[in-house]
Amino acid sequence: MSIGWYLTVSAIIFAIGAAGVMTKRNALVILLCLELMLNAGNLALVAFSRMWGNIDGQIFAMVVLVVAACEVTVGLGLIVALHRRDLPVDADELSEMRG
Amino acid sequence: MSVQTYGWLVLAFPLAGTILLGLLRPVLSGRKAGYIGTLAILLSFLSGLGALNKLQSQPEESRQVVSSLWTYAKTAGLDAQLSILIDPLSIFMILIVAGVSTLIHLYSTAYLASDEGYVRFFAYLNFFVFSMLTLVLAGNLILLIVGWGLVGAASYLLISFWYRRNTATKAGIKAFVINVVGDVGLVLGSILILQQVGSVDLLTIFHKAPEVFHSNDTTLVVGCLLLMVGAFAKSAQIPFHTWLPDAMEGPTPVSALIHAATMVTAGVYLIARMHPLFQLAPTAQNVGAIVGAVTLIVAATIGLVVTDLKRVIAYSTMSQIGYMIMAVSAGVYGAGLFHLMTHAFFKALLFMAAGSVIGAMAGEQSLNKMGGFRKVMPITYGCFIVGGLALSGIPPFSGFFSKDDILYGMASLGGWHWILYVAGYVGALMTAVYTFRMIFRAFHGEQCEEAQSLANGRLFHAAEHRNPGDGTLEDTGVGYPGAKHHIAESSPAMAIAMGTLAVLATVAGVIQLPHITDTLDKFLEPTFSDSPAFMKAIDYKLLVIGMIIGAIVGLSGIALAWYIWIKKPGTSAKIQARFSGLHRLFSNKWYFDEIINAIIVRPFAAAGRFFQGTVERVAIDGGITAGSVSIARVSSAAVRSWQSGMLRAYAAAVVVGTSLLVLYFFLNS
């Protein structure tokens, strides 16, 4: 299979994730969409790695996984903290930081 | 073990005690903390004895031992070591400090037994002893300043020990602030000496001083006067004395240890320690001698009229330190230090006995409310009599020999020192009067309610405890006078401590009988070998006449007190009415507090308020702070609206921006 197919799938997933981040208001769903974007990137990395016959891309994908895991930990922690304080888990309503 | 090892052990035990008590505070219960604290100081005292033993076995020339643990800082022109100097003077001070401290720790184990802050008290007390020993062992000016500052801090902590007592916290602050004034003097004086001599090490300074300075060099006089500011503030000499009477807000053992026996004599020690410098600055010596003489007279006059039991003893302390400062400033080192030692014994004894009376009075300290404790508290009465006779200088009690030694020294200097000699005897007369006024009023006469209660076999407990200072209701939850309290006689620990001191106050004079024993002078000689006035030939006629006058003055003072307060009880009121102006002056403490308030405290407070109103509010708040805020606000007005707080908008901006960048590179490639 040519590299093009892999990249197409990766691009579609990335676009779905980006669209989700921009349109969804639920913080939990935004986190899920972020994961989609990260993993789309991973898919492209692994595909390129295969294309060049070089392991570096796969190692990099692993690093991205670790970063993603950390990010989810922090993100979910924030969401749980919001929930405990009876605050809305809604990205639009959490806009105190406006200038 | 070597002398050096013993020297470091002297410091190590109290420090270990402090840390141990501080860490174990939550788990220690009962009297354990007191025993740990007492043991730490006792071990320190024994190490001091060990050092004494080792030092005496060495030849006289090599009895000044320096030991350095590590280097603080070594740069061009400065070599600061963590070094201690062990010589007869520092050993002498160690033995007094650690010895008296051991007894007072022992006394406190019982005296503060019902206090909520029991462990805290012993941690502080150990810390104080550590600081004081650092001060007396310091081998260079830097460590000396460190010790000097630490004893001030310890004094603050202990004066404010009952921290919910408003008057106590205020007294602590006052003591600390005045002591810091002295610290500044000491630091400036040290810097001046370092600048001129080029060393901070004490022995180096002493060796170099005669080469660097000629006699009465202006720089050296200024340096010595600055050191004296430190000494006066610590030793409560005029005009830095006002903190000492207020410091009586602390627990009585603290008054006995810090504000009578040890810390307040640090100024005397400093002048004695720095004697090679002072001997090159006779002007500074004269200033010190005059200030000491003035202090001893002024403090004695106030002692005549004060009605608070502890404050009478406090003014007496001030007065006695006046004698010592006068002596060491004039160069009569042996006598000054001898009086320092005997005073430590009999004054600590008087304070302990006063603590016993205050215990029986359930915290009340006014002499006006006391009376007739003689029969019901025989041991305390005995201690008061012994301490009082020693203080009044009645032979053969210790105070007689030390005080007459000082006055003999004054007389042998001749010239205008005869004025100081006379002042000393005037002071001695007043000392005898106020000491026995205190004893007669507290122990003789009609039995007060508390004494009657004690006679019926139970200790008086007040229904509600009021601050003896200002009459406000006290929070007994933080300490003594609590619901359960003791008097000295009922507790073996207190009786042992008082008994030991009573014996010492009686017989300590024998170690320095002029020309008969002279033990102290011989012992201290290696330190003061360069002093011309030290161990001169004795003029027997002068000495004997002085002793006879001393004994007569002391006895007539007691007789006068007996006549005024026992024989004809109304006399006191008549004298007050006759000399009402003088009485007002004395009972207002010569208006020193008011004068200091008027010329220092109020101008500073007014300046502070003024600068708060102008510099702080207008220039800093209005100009610098508000100005920079408005600059940021105006310059950011254009971009602020982009910061919408909408997470999704930010995400969209990132996506669109990245897409545009990618598009740009595509089109360009």
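Mentor: Helices (H or I, at least four residues) and strands (E, at least two) are DSSP runs, numbered from the N terminus. This is a predicted model, in which local features need pLDDT of at least 70 and side-chain atom pairs count only at pLDDT 80 or more, while totals for chains, interfaces and linings use all residues. Residues are numbered from 1 along each chain as its sequence is written, and chains are lettered from A and ligands numbered from 1 in the order in which they are written.

Trainee: At what angle do helix α11 and helix α14 of chain B pack, and how far apart are their axes?

Mentor: Axes are lines fitted to C-alpha atoms, for helices over the stretch in contact, and angles run from 0 to 180 degrees between N-to-C directions. Helix α11 (residues 266-273) of chain B packs against helix α14 (residues 309-330) of chain B at about 5°, and their axes are 9 Å apart.

Trainee: Which residues in α11(B) and α14(B) meet?

Mentor: Two residues are in contact if their C-beta atoms, placed from the backbone, lie within 7 Å. On the α11(B) side these are Gly267(B), Val268(B), Ile271(B) and Ala272(B), which meet Ile321(B), Met324(B), Ile325(B), Val328(B) and Ser329(B) in α14(B).

Trainee: How do α15(B) and α21(B) lie to each other?

Mentor: Helix α15 (residues 333-360) of chain B and helix α21 (residues 519-528) of chain B have axes 10 Å apart and an angle of about 120°, and α15(B) and α21(B) are therefore oblique to each other. Among the residues that meet here are Tyr333(B) and Phe338(B) in α15(B), with Leu520(B) and Phe528(B) in α21(B).

Trainee: How many helices and strands does chain B have, and what share of its residues is buried?

Mentor: Chain B has 27 helices and two strands. A residue is buried if 20 or more other C-beta atoms lie within 10 Å of its own, exposed if 12 or fewer, and partly exposed in between; of the 669 residues in chain B, 51% are buried.

Trainee: Where does chain B touch chain A?

Mentor: The contact involves 11 residues from chain B and 10 residues from chain A. On the chain B side, helix α27 (residues 647-668) supplies the largest share, five residues.

How values were computed
Parallel < 35°, antiparallel > 145°, perpendicular 65-115°, else oblique.
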